[in-house]
Amino acid sequence: MVVAVVPSTIAEEASAQPKGAGRRFSWRKLRWWRGVVLVLTAVFFLLPLYAALRFALEDNLGHLTTAAFTAIVHETGFLGALYLSLRLAAVTMAITLVLVVPTTIYVHLRYPRLLVAFDAITLLPIGIPPIVLIIGVLQSTPFFLKSSPYLLSLEYVVLATPFAYRSLDAGLRAIDLKTLVEASRSLGSRWFSTMWRVILPNLRAALASAMILSLALVLGEFTMASLDLYTTLPVWIVNASARTAHVSVAVSFLSLVLTWLLLFGLSALDRRQFRKFRVVDEET
Amino acid sequence: MEAMAIGNETGVHAAVSGTRGQDGGPSEGATVQLVDLHRHFGHTRALDGLTLAIRPGELISLLGPSGCGKTTALRVLAGFEAPDSGQVIVDGNDVGHVPPQSRDMGMVFQSYSLFPNMNALDNVGFGLRMRGVKTKERRRRASDLLEMVGLSKEAKKYAHQLSGGQQQRVALARALAIEPRVLLLDEPLSALDAKVRIQLREQIRGLQTRLQTTTVFVTHDQEEALSISDRVCVMRSGRIEQVDVPSVLYANPATAFVAEFVGTMNRIPGKVTASGVSVLGREVGIRGERRGTSGQAVEVLVRPEELAVGAVGRGAGVVIGKTFYGAVTRVAVLLDGDSAVQVDVSTADAAAIDPGSAVELTVIAREVMLAEPRSSGGTAAGGATGSAPGTPTPGFVPGEPFPADRNGVDDDLSK
């Protein structure tokens, strides 16, 4: 148990250290501040969650109940909003990956000097107001899409690009892309095989990260959906809060937990892969 | 300690018998011709009219300082770089427009290039998989190849679980698995420590000799090149200075650049005379194109074994160090000024030569080459380059900077 070992180690170090040793004292001081920062951060993030959970688990009289959670699926429009959000998330992830993965790999391989420009360009969606993005997408979208909810996916793709690009960029920087591609091709592999069998498997964590970030973004985005008059999950939550505040908060809480679970799942996947390597090592 | 077992001849042939003919025996390697290759990167000429013919089954090394174009030449041959002009001909066919995956050339890279998502067995079998070889046969042949490079016990390990030497051996097995027409080795040993490097190069040479695969080996390490090559191609500024067998390169360098780049070489001040050059009080002949004019002050290139220590206790030289190399001891002598030279003396005679004592040096060669002006070349700027007798590696020269351009990593212009 790491948590149990670290404090005792600190205690041993502290007890072994002569009093008045300036350097050791500063380390202890630094660790004390680390603890304070950790606690403050935890309070900052966990307190609102606790408040939301507490609110969702209470009725109007302050009694503990799970009624808000059990009532979710029966609420008018909830399943439709959830279904729409999931569909939009799937389409957004697909379009984002199809656009960003080949582009990022191509730039890394052929025009690495353009990566600086790419970094700057992909930051633009974060700085541009949503209303500008909406108008831009509307102006350039084919007519048949303007009346489709999938219009939102195109807008979400713009929003998701910075996150997806950064995940992939980090993944590509972690491997020797050029050498792997050349090794694969010298062995007779064509571009598709090289991508499918060599590059993408080594970008698995980066791809999963890009997809989960895109998913989290779609499940949490309110402004664009609201302005485009589509009832996605976040819009439904806001609308529902006016009539059933407890259910609305319960859904918000579950939405957050769902995203967390996905992120934990990603971490677990990496750990499992690491264990697999270790098992092979021990076996041989 | 890495196991360096090399499979016996039968095992080697069995491992690569898939497409080499039904008899399982080794076939002749391919003939390769590089014809008048030019390649520019911006204003830099990486290849400047490179023309080279490589014989079937030959191991030829491209040797030269950083930026001389050797890696670019290899990449052009592999198909990863397109030349601005010129031809790449393999077995009589111009492969200039053939993509890398269709050239049938196995390549081992300087950096570890194993696919991280595959274990050693799958890495070796990857090329076979791309050729549609069925799983069972693929695994059998990959296992044979891993056994051939002494790594059968590491078949299930991933790249990060293997040492650098093991990774390069897997990469070698992977390149050989496809039974390439030409094997390309791009400084495959440069990231390894000295001991593993020597072991692996011997293994490469052993396998290449048995398989008779035409092999091009790029290196900046002259010891590597001279020790395993049938012929060595010394390159400079995108051009070939000389192509020959190692012994000829050493004994009869075509140019002053080759003379200084290959083996240990002293630069000793001299003066051109009507019939040759006067150096260390003796007149000797001049060979090579560089001649000079009578009375011109020059620097003369003399190998350590072409110098002799005359009288001890008098003379203009001062012994500043001795290095024992078995039968031969290399004595460092400081001449007038700051010119330090190295002289090979039999160890028995060297016993009488102590550091600090004055000695007289004599040139015993009949002919010498005149050095290029120091500012023009990429070779060492010291009084001597090289090291141990018989192992002409760059070495320490007292009072002189180490010749970094001969030991630095090749600045691949195309990267």
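**Entry 1: a helix over a sheet in chain B**

I began with helix α5 of chain B, residues 164-177, in this predicted model. I found that α5(B) lies across β6 and β7 (182-186) of chain B. Its direction makes an angle of about 175° with β6(B).

I then looked up the sheet that includes these strands. It is an open sheet of 6 strands from chain B, in the order β6-β7-β8-β3-β9-β10, and its pairing is mixed. I noted that β6 and β10 of chain B are at the edges and have a single partner strand each, so one side of each is left without a neighbour in the sheet. From one strand to the next, the twist averages 20°.

As background, I recalled that strands of a sheet pair through backbone hydrogen bonds, either parallel or antiparallel.

**Entry 2: pairs within the sheet**

In which sense do β3(B) and β9(B) run? I found that strand β3 (residues 59-63) of chain B runs parallel to β9(B), and that 4 bridges join them. In this pair, Leu63(B) stands opposite Val234(B) of β9(B).

I next followed β9 (residues 231-236) to β10 (residues 239-244), both of chain B; these run antiparallel and are joined by 5 bridges. Met235(B) has Ile240(B) in β10(B) as its bridge partner. The two strands form a hairpin with 2 residues between them. In the turn, I recorded a positive phi of about 50° for Ser237(B).

**Entry 3: an enclosed strand**

Why do I describe strand β16 of chain B as largely enclosed? Of the 7 residues in β16(B) (residues 328-334), 5 are buried, so the rest of the structure largely encloses this strand. I found β16(B) paired with β17(B) (residues 340-346) in the antiparallel sense, over 7 bridges. Within that pair, Leu334(B) is opposite Ala340(B).

For chain B as a whole, I listed 10 helices and 20 strands. Of its 415 residues, 51% count as buried. I also looked at contacts in chain B between residues at least 6 apart in sequence, and 69% of these join residues at least 24 apart.

**Entry 4: where the chains touch**

How many residues of chain B are in contact with chain A? I noted 25 residues of chain B, in contact with 21 residues of chain A. On the chain B side, the elements that give two or more residues are β6 (105-108) and α3 (120-130). By class, that side has 12 nonpolar, 7 polar and 6 charged residues.

**Entry 5: two helices of chain A**

I turned to helix α11 of chain A, residues 191-202. At 1.5 Å a residue, its 12 residues should span 16 Å, and its end C-alpha atoms are 15 Å apart, which agrees. The buried residues of α11(A) are Thr194(A), Val198(A), Ile199(A) and Asn202(A). Viewed down the axis of α11(A), these buried residues fall within an arc of 80°, so they line one face of the helix. I found Phe192(A) and Trp196(A) exposed on the other side. The cover over the buried residues of α11(A) includes α4 (78-110) and α10 (177-186) of chain A.

I applied the span check to helix α12 of chain A, residues 204-220. Its 17 residues should span 24 Å at 1.5 Å a residue, and the end C-alpha atoms are 24 Å apart, which agrees. I recorded α12(A) as mostly covered, with 12 of its 17 residues buried. Among them are Ala206(A), Leu207(A), Met211(A) and Leu219(A).

Key:
Residues are numbered from 1 along each chain as its sequence is written. Chains are lettered from A and ligands numbered from 1 in the order in which they are written. This is a predicted model: local features need pLDDT of at least 70, side-chain atom pairs count only at pLDDT 80 or more; totals for chains, interfaces and linings use all residues. The expected span of a helix is 1.5 Å times one less than its number of residues. A residue is buried if 20 or more other C-beta atoms lie within 10 Å of its own, exposed if 12 or fewer, and partly exposed in between; C-beta atoms are placed from the backbone. The arc is that of the directions from the helix axis to the C-beta atoms. Two residues are in contact if their C-beta atoms, placed from the backbone, lie within 7 Å. Two strands pair if DSSP finds at least two bridges between them. Ala, Val, Leu, Ile, Met, Phe, Trp, Tyr, Cys and Pro count as nonpolar, Asp, Glu, Lys and Arg as charged, and the others, Gly among them, as polar. Axes are lines fitted to C-alpha atoms, for helices over the stretch in contact, and angles run from 0 to 180 degrees between N-to-C directions.
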